[in-house]
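Please open the model in your viewer and keep the selection tool at hand.

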Amino acid sequence: MGLKGKLIASMEMKCGEGLFFDIFHTTTHQVPNISPRNIVHFQIHEGEIVKTGSIVSWKYKEAGQEMYMKHLIEAVDPHKKLIKWKVIEGDLLELYNYCNFTTFCERQWTTWTIEYEKKTEDTPEPLLHLGVILAMTKDIENHLLKK
């Protein structure tokens, strides 16, 4: 049996909740241009840009290696500025039975949650992956502040 876990990180965003949420909700394809040191590629496989039921994939850099993951968008709530992503394919599923992400924006705070279940007790928590997410978030904030 695996070990379940949850990582939560919140960052204060000077650019405001709406602008950050809009990047993921309407212009997600721009993230590799905004954060090229972290995100290599974004692709929509089914559906539209970050709509419930859409399937999207990311290529990203983690600890110097290019990694891949494909997500099912489980929920998008523009009023709450919330998006839920379920990993359905990729490198993370080699280590975890499941791995789900939630991003939520409220006032000046953006919060990322990673829920996962390790395949073995020796599997590390996805702290490196959380680091990539937070670095990407900071890059997006810097991009939005330049506008």
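Before the tour begins, one term is needed: helices and strands here are runs assigned by DSSP, a helix having at least four residues and a strand at least two, and they are numbered from the N terminus. Please keep in mind throughout that this is a predicted model.

**The sheet**

Begin by selecting the strands, which form an open sheet of seven in the order β1-β7-β6-β5-β4-β3-β2, with antiparallel pairing. At the edges stand β1 (3-12) and β2 (39-46), and because each has a single partner strand, one side of each is left without a neighbour in the sheet. From one strand to the next, the twist averages 25°.

Now select β1 together with β7 (residues 109-118), which pair in the antiparallel sense over ten bridges; within this pair, Ser-10 has Thr-111 of β7 as its bridge partner. Keep Thr-111 selected and turn to the pairing of β6 with β7, which is likewise antiparallel over ten bridges, and where Thr-111 is the bridge partner of Phe-104. These two strands, β6 and β7, form a hairpin with two residues between them, and Arg-107 in the turn has a positive phi of about 50°. Moving on to β5 and β6, you will find that they run antiparallel and are joined by five bridges, with Trp-85 standing opposite Phe-101 in β6.

**The helix on the sheet and the core**

Select α4 (residues 127-146) next, a helix that packs on the sheet, touching β1, β2, β3 (55-62), β4 (65-77), β6 (96-106) and β7, while its direction makes about 20° with that of β1.

Which residues of the largest nonpolar core touch the most other members? Among its 39 residues they are Phe-24, Trp-58, Trp-85, Phe-101 and Ile-140, and the largest share of this core, six residues, comes from α4. If you select Ile-140 and leave aside residues up to four places away in sequence, you will find it touching Phe-20, Ile-23, Phe-24, Val-31 and Ile-34.

Rolling a probe the size of a water molecule over the atoms shows where empty space is left.

The largest pocket, in turn, holds about 180 Å³ of space. Select Glu-62, Leu-95, Tyr-96, Pro-124 and Leu-128, which are the closest to the centre of this pocket out of the 13 residues that line it; the elements that give two or more residues to its lining are α3 (92-95) and α4.

**Two loop residues**

Most residues other than glycine have a negative phi, and most peptide bonds are trans. With that in mind, select Ala-63 in the loop between β3 and β4, where phi is near 55°, a positive value in a residue other than glycine. Lys-81, in the loop between β4 and β5 (82-90), also has a positive phi of about 55° although it is not a glycine.

Is each of these residues buried or exposed? Ala-63 has a relative accessible area of 65% and is therefore exposed, whereas Lys-81, with a relative accessible area of 18%, is buried, since buried means under 20% and exposed means over 50%.

How values were computed:
Residues are numbered from 1 along each chain as its sequence is written. This is a predicted model: local features need pLDDT of at least 70, side-chain atom pairs count only at pLDDT 80 or more; totals for chains, interfaces and linings use all residues. Side-chain values use heavy atoms; hydrogens and water are left out. Two strands pair if DSSP finds at least two bridges between them. Axes are lines fitted to C-alpha atoms, for helices over the stretch in contact, and angles run from 0 to 180 degrees between N-to-C directions. Contact means heavy atoms within 4.5 Å. A nonpolar core is a set of buried Ala, Val, Leu, Ile, Met, Phe, Trp, Tyr and Cys residues joined through side-chain atoms within 4.5 Å. Buried means under 20% relative accessible area, exposed over 50%, partly exposed in between (1.4 Å probe, protein chains only). On a 1 Å grid over the protein atoms alone, a cavity is a set of points where a 1.4 Å probe fits but cannot get out, and a pocket is an open set with protein on both sides within 12 Å along at least five of seven lines; lining residues have an atom within 4 Å of a point. Grid points are joined across faces, edges and corners, and a volume is the space filled by probe spheres set on the points.
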